[in-house]
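Please look over the sequence and the model shown here before reading on.

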Amino acid sequence: MIVKMSEGLGKTCAIFFLTLLFSLPLGMIVALLRMSKNKIVSAVTRFFITVLRGTPLMLQLLAVTYGPYYLFGAGVARNKLIPVVIAFSINYAAYFAEIYRGGIESIPVGQYEAATVLGYTKFQTFMRIILPQVVKRIMPSVTNEIVTLVKDTSMAFTVSYQEMFTIGKQIANSQTSFMPFLVAGVFYYIFNLIVDRVMGRIEKRLDYYK
Amino acid sequence: MKRTLALLLAVMMLATVLVGCGNSSDQQQAAGSEASEASAAERTTFIMGIDPEYPPFSYLGDDGNYTGFDVEICQAVCDYLGWELEVFGVNWDEKLVQLDSFECDCIWSGMTILDSMKEAGYTLSAPYYDNTQVLVVKGDSGFASSADLAGKDVAVQLGTSGEALLNGDLADLAKTFGNVVTCDSFLKCFTELEGGSVDAVFVDMPVAASYVASHEGLNIIDEDLGAEQYGIAFRADDTELCAQVEEAVAALVANGTYAEIASKYPDIVNNLLFLSE
């Protein structure tokens with residue numbers, strides 16, 4: 001049972017790492033668009049964020065996987081990892097974007113003024129002065145989201161992606177036993193314990209001003 | 001102003017936490033005592049656990065109420081015994097856990113009697129339906145037997161007897177398939193088939209027949225892959241309840257109500273055991 005479930009764990013990890021890989025940078029782009037001076041761009045981005053945060057991730061998974069089939073008669077992807085990662089990445093980018101925005105807007109205006117006086121360009125100001133501080137400030141919130149992501153991977157079951165929890169359910173069924181759920185719980189807990197340690201270490205390393 | 005707002009929010013968060021804790025334990029207690037009362041005292045309501053997406057046995061009707069062959073029979077049983085029927089949609093792959101936790105009094109929804117249920121001690125009614133498992137494929141795919149599906153992907157609903165068969169008696173056949181994809185409803189299995197992400201769906205005959213009849217371009221492979229029977233599952237210590245329901249069903253068969261209801265479901269009427277006797 002544990003062997004079978006660890007095979008599924010590989011698929012769970014695939015969702016997890018690919019989602020982080022795409023959503024972290026995508027979130028930054030969305031955050032910058034959201035704070036754009038162009039009112040139309042900012043309004044449109046804002047609308048998309050409300051949609052992505054305001055509807056269940058499960059619904060978005062179904063929409064991305066089966067939507068193209070129902071709407072245009074296009075095929076359903078054979079490799080479910082693709083629609084799953086797309087849905088997770090877009091959803092998490094929306095959350096990360098708001099975290100980034102919170103971080104960026106928490107930097108006092110005085111710093112921008114000082115940077116301008118010192119002759120920094122806007123791009124330099126952002127990259128060298130603002131961003132390093134933002135990263136430090138948002139770390140706890142980002143950790144929060146990452147921990148949630150680990151657990152949300154189990155939702156991939158709704159589109160028949162055979163990740164760890166799905167396999168756990170299958171075993172639970174064929175043996176009419178509750179054990180697989182316990183094992184799944186332990187797997188998720190250990191996974192998050194590792195995430196917690198890694199993020200804690202990164203936070204400590206970023207703590208260079210204190 | 002801002003400070004007051006922040007304070008208010010903080011108080012609300014705290015309140016939510018406290019209220020949240022209080023509520024959940026209250027509810028649990030209430031649920032526990034209710035269940036034990038129901039089994040001790042005279043029964044007035046009967047909660048039927050169904051898969052809400054399993055036509056023609058149980059499904060959500062156009063009027064927003066659950067209906068289907070099993071639901072109609074159960075309604076007739078409850079009318080006969082003077083109980084009030086409550087229909088409860090279970091999560092099919094956790095149906096037995098939900099039965100054990102008193103969320104419903106029986107599982108009655110095109111449910112295949114499995115050896116594993118007997119071994120786990122559940123009280124099972126006499127079988128009422130002869131079922132076979134079949135493969136559904138696209139009409140233009142050219143697949144004519146299970147052997148043609150070697151290396152192809154096959155979808156099956158999690159928690160169904162079809163899935164149990166592929167893990168058990170038909171494990172050798174399952175090994176010849178490329179992948180066995182488990183979905184959480186049979187509708188998703190068929191969506192996957194029509195969308196081209198799997199090549200076949202392994203499903204109960206009546207469900208296949210009613211789906212193929214209403215959707216073009218699908219074929220049932222003419223090959224019976226697993227014979228099995230449907231029954232009703234009760235909790236281990238509910239043998240008396242099981243006997244009561246069985247008696248009521250027998251009475252309905254005798255007075256013709258059973259056949260009358262069955263005539264509304266032409267896809268399944270031929271395989272009903274009580275009518276073929």
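## Basis and overall layout of chain A

This is a predicted model. Chain A has 8 helices and 0 strands. Read from the N terminus, its elements run α-α-α-α-α-α-α-α. Along the principal axes, the C-alpha atoms of chain A fill a box of roughly 70 × 45 × 25 Å.

## Helices H7 and H8 of chain A

Two packed helices are described by the angle between their axes and the distance between the axes. In chain A, H7(A) packs on helix H8 (residues 179–205) at an angle of about 160°, and the axes lie 8 Å apart. Angles over 145 degrees count as roughly antiparallel, so H7(A) is roughly antiparallel to H8(A). The crossing of H7(A) past H8(A) is right-handed.

On the H7(A) side, the contact uses A:Met164, A:Phe165, A:Gly168, A:Lys169, A:Ile171 and A:Ala172. On the H8(A) side, they meet A:Pro180, A:Phe181, A:Ala184, A:Phe187 and A:Tyr188. By class, this contact of H7(A) with H8(A) holds 9 nonpolar, 1 polar and 1 charged residues.

## A positive phi in chain A

A:Ser160 sits in the loop between helix H6 (122–152) and helix H7 (164–174) of chain A. Its phi is near 60°, a positive value in a residue other than glycine. Most residues other than glycine have a negative phi.

## Where chain A meets chain B

Helix H3 (residues 57–72) of chain A packs with helix H7 (residues 186–195) of chain B. The angle is about 55°, and the axes are 10 Å apart. H3(A) and H7(B) are therefore oblique to each other. Their crossing is left-handed.

H3(A) brings A:Leu62, A:Tyr66, A:Tyr69 and A:Tyr70 to the contact. H7(B) brings B:Lys188, B:Thr191, B:Glu192, B:Glu194 and B:Gly195. The residues of this contact of H3(A) with H7(B) comprise 4 nonpolar, 2 polar and 3 charged.

## Helices H7 and H8 of chain B

H7(B) also has a contact within its own chain, with helix H8 (residues 205–214) of chain B. The two axes come within 12 Å and cross at roughly 50°. H7(B) and H8(B) are therefore oblique to each other. The crossing of H7(B) past H8(B) is right-handed.

From H7(B), the contact residues are B:Phe186, B:Leu187, B:Phe190 and B:Glu194. From H8(B), they are B:Val207, B:Ala208 and B:Tyr211. The contact of H7(B) with H8(B) has 6 nonpolar residues, no polar residues and 1 charged residue. B:Glu194 takes part in this contact and in the contact with H3(A).

## Two domains in chain B

How is chain B divided by the domain assignment? Domain 1 covers 44–128 + 231–276, and domain 2 covers 132–228. Taken over C-alpha atoms, the centres of the two domains of chain B are separated by 25 Å.

In chain B, 14 residues of domain 1 are in contact with 15 residues of domain 2. The two domains bury about 1,200 Å² between them, with 60% of it on carbon and sulfur atoms. Which three residues supply more than any other three to the area that domain 1 of chain B buries against domain 2? They are B:Glu53, B:Tyr54 and B:Thr112, with 40% of that area.

## A cis peptide bond in chain B

B:Pro55 and B:Pro56 are joined by a cis peptide bond, with omega about 0°. Most peptide bonds are trans. B:Pro56 lies in the loop between strand E2 (53–54) and strand E3 (58–60) of chain B.

Technical notes:
Residues are numbered from 1 along each chain as its sequence is written. Chains are lettered from A and ligands numbered from 1 in the order in which they are written. This is a predicted model: local features need pLDDT of at least 70, side-chain atom pairs count only at pLDDT 80 or more; totals for chains, interfaces and linings use all residues. Side-chain values use heavy atoms; hydrogens and water are left out. Axes are lines fitted to C-alpha atoms, for helices over the stretch in contact, and angles run from 0 to 180 degrees between N-to-C directions. Helices (H or I, at least four residues) and strands (E, at least two) are DSSP runs, numbered from the N terminus. Angles under 35 degrees count as roughly parallel, over 145 as roughly antiparallel, 65 to 115 as roughly perpendicular and the rest as oblique. A crossing is left-handed if the near helix is turned anticlockwise from the far one by less than a right angle, and right-handed if clockwise. Contact means heavy atoms within 4.5 Å. Ala, Val, Leu, Ile, Met, Phe, Trp, Tyr, Cys and Pro count as nonpolar, Asp, Glu, Lys and Arg as charged, and the others, Gly among them, as polar. Domain bounds come from an automatic or database domain assignment. Buried area is the accessible area (1.4 Å probe) that two parts lose on being put together, summed over both.
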